[in-house]
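Here is a briefing for a reader who is meeting this structure for the first time. Please keep the sequence and the model in view while reading.

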Amino acid sequence: MVSQMVILTRTRLLLRLNQAKSISTFPFLSQEPQLAETTQPTQTTPLPPNPASGSPLYHEDWRNPNVAQKTTSLAQSLVPHGFLGQTPANRIQYLSQTLDASALMNHFADLMTQRRWIDVKQIFEFWVRSLDKNGKPNKPDVNLYNLYLRANWMSGASAGELLDLVAQMDEFAIVPNTAAFNLVLKAMNQAKETNAAVKLLERMLQGGMESLPDDESYDLVIGMLFETQQIDAALKYIDMALKSGYKLSMRVFTQCVGCCVNQGRLDTLVTVIERCKKTDQNRALYPNWNLCNYLAEVAIQADDSKLAFYALEFMAKWIARGENARPPFLLSVDEGLIVSALATAGRTYSSNLLDASWAILKRSLRQKKVPSPESYLGKIYAHASLGNLQKAFGTLHEFETAHGNSINEAEDFLSPFTSLYPLVVACSKKGFETLDSVYYQLENLSRADPPYKSVAALNCIIFGCGNTWDIERAYQTFDAISSSFGLTPDIHSYNALIYAFGKLKKTFEASRVFEHMVSLGVKPNAKSYSLLVDAHLINRDQKAALCIVDEMVTAGFIPSKETLKKVRRRCIREMDYECDDQVEFLAKKFSIRMGSENRRGMLFDLEYGTGYAS
């Protein structure tokens, strides 16, 4: 048909050339139209075809292999005579009768590239009903049949229909393999048939070696189980997949993390992550960035140091991935999250979480800024909890170096009563043994090059001596600040010494320290007055304590609720109702809700005896 059209086109072109007329434009010639004389075309010998033109004489165009598919003459030379003029049904029937199994697979590959799934189905169905060149019925192999299954799945066949087609493989003496069952599992996944998929997976496990499930089989079933919140069954198949050495997909791993976190099964999630890290093919798995942040927050709230460590490790992989990308995308972890992780490391005594948190923080800051004071204090707390005093005081040195000016303005940053209290507890853990060891190390560092001298570190020792009721060491350390280290005691040094005297009921000495501090021009803070109040209350002198509270108010400070409750408790026990009324007046003045102490009163009024109850 195409050749007839070409001949007809050439004939029309010659007729148009023969009917062409020419008009002369010279003035001395007649202007009447004259018919032009027809010229006979000269016979020339054509050149041979270009080897790069895609001529069938030269097999194929080595520069452009697709040219041979676009030329009509080549297409006419490759297909049988009259093939293009046939109807699609006759064409499919003709192909099914002329192609063998290998040629049919190649033809199916071309059709699947063009997404012609219906043609694949029809050709296969005609082909299995036809005879081969030996006169025997065509018999497909498992690979060819799987292509037929894929064509049915892509054309919208249900899971039940695919199972029927798999059952028909017995008619051709074909054993279904893993790829065939995976196509059925994909159809079940689309239809959300979770229970049927689990049963099919169990059938695959009970079958032969040809039908054992692979990583794709496990991924499909595990994903459906997580979507229906069947976590136990999903974890069971994850365990089987890992034991078989298969690789979990990133999608399934992310689903596992999300479901375990939402259900609060953090220990199970830690076990899964540890199992994945033991295999080379699953070691690189990590969830998305937002899920990593959520995982870290949940782990920190639950004080799960292992899970928090793994969450930070996932974040480190994301940061490295962003830095290595082109163009790079820079990710940073929120510093507040790192401070919380450091606190978790201190509470759970996890050195791994401590090191990972600080490394992630330094990498997130990228040397453009120094860590915040809260980050340094969190690291000090973690090292102190682990008992690593050398690293704790080293971090304190880094803190003072990085934030020297700001911490001088904010005195609470280096207060042994608040932010550095964990370091005080660590110093006094073993009594004078630890205190002397820390003091001698600080004394040696003061003579090093460059020297390290820190009033805040010495204040921790003074406070630690007060905790162990060792007033002599506390006073010697206080005196050594100026005599041995050449430094000037600050407000925290005087407060620590007042605390040490007050704890041993030496109220007079504590008052002398307070007066000496004021005479030197050191302005007392609210903690100074509170410690002096405690020193008077230890000696049951509520009137003197109330006078200190009045001085505190006159100096512009507001007494804390804890201080007023201590004074009121002593007034009640000493039956000094006049002072009690003054305490109530101060509480109302500063809008402090004191509350009742009925339970404390009941315990205080109990009559203890040595006799046994009859």
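H8 and H9 are roughly antiparallel to each other, a term used for angles over 145 degrees, while angles under 35 degrees count as roughly parallel, 65 to 115 as roughly perpendicular and the rest as oblique. This is a predicted model, in which local features need pLDDT of at least 70 and side-chain atom pairs count only at pLDDT 80 or more, whereas totals for chains, interfaces and linings use all residues. Residues are numbered from 1 along each chain as its sequence is written, and side-chain values use heavy atoms, with hydrogens and water left out.

**The whole protein**

- The protein has 32 helices and zero strands, where helices (H or I, at least four residues) and strands (E, at least two) are DSSP runs numbered from the N terminus.
- Of the 614 residues, 42% count as buried, and buried here means under 20% relative accessible area, with exposed meaning over 50% and partly exposed in between (1.4 Å probe, protein chains only).
- Among contacts between residues at least 6 apart in sequence, 62% join residues at least 24 apart, a contact being heavy atoms within 4.5 Å.

**The pair H8 and H9**

- The axes of helix H8 (residues 159–167) and helix H9 (residues 178–191) come within 8 Å and cross at roughly 165 degrees; axes are lines fitted to C-alpha atoms, for helices over the stretch in contact, and angles run from 0 to 180 degrees between N-to-C directions.

- Helix H12 (residues 231–243) and helix H14 (residues 266–277) have axes that come within 11 Å and cross at roughly 15 degrees, which makes H12 roughly parallel to H14.
- H12 passes H14 in a left-handed crossing.
- Leu 235, Ile 238, Asp 239, Leu 242 and Lys 243 in H12 meet Thr 268, Val 272, Arg 275 and Cys 276 in H14, and by class the contact of H12 with H14 has five nonpolar, one polar and three charged residues.

**The pair H30 and H31**

- Helix H30 (residues 561–573) and helix H31 (residues 577–589) pack at an angle of about 160 degrees, with their axes 9 Å apart, and they are therefore roughly antiparallel to each other.
- H30 passes H31 in a left-handed crossing.
- The contact is made by Leu 564, Val 567, Arg 568, Cys 571 and Ile 572 of H30, together with Cys 579, Asp 580, Val 583, Glu 584, Leu 586 and Ala 587 of H31.
- The residues of the contact of H30 with H31 divide into eight nonpolar, no polar and three charged.

- At 1.5 Å a residue, the 13 residues of helix H25 (residues 471–483) should span 18 Å, and its end C-alpha atoms are 18 Å apart, which agrees; the expected span is 1.5 Å times one less than the number of residues.
- In H25, Ile 471, Ala 474, Thr 477, Phe 478, Ala 480 and Ile 481 are buried, and the buried residues of H25 pack against helix H23 (432–446), helix H24 (455–467) and helix H26 (491–503).
- Tyr 475 is also found in H25, and at 46% relative accessibility Tyr 475 counts as partly exposed.
- Not counting residues up to four places away in sequence, Tyr 475 touches Leu 497 and Phe 501, both of which are among the buried residues of H26.
- Twelve of the 13 residues of H26 are buried, so H26 is largely enclosed by the rest of the structure.
- The buried residues of H26 pack against H24, H25, helix H27 (507–519) and helix H28 (526–538).
- Just after H26, Lys 505 takes a positive phi of about 65 degrees.

- Thr 344 lies in helix H17 (residues 335–348) and is buried, with a relative accessible area of 0%.
- Leaving aside its neighbours within four places in sequence, Thr 344 is in contact with Ile 300, Asp 303 and Leu 353.

How values were computed
Left-handed = near helix turned anticlockwise from the far one by under 90°. Nonpolar A, V, L, I, M, F, W, Y, C, P; charged D, E, K, R; others polar.
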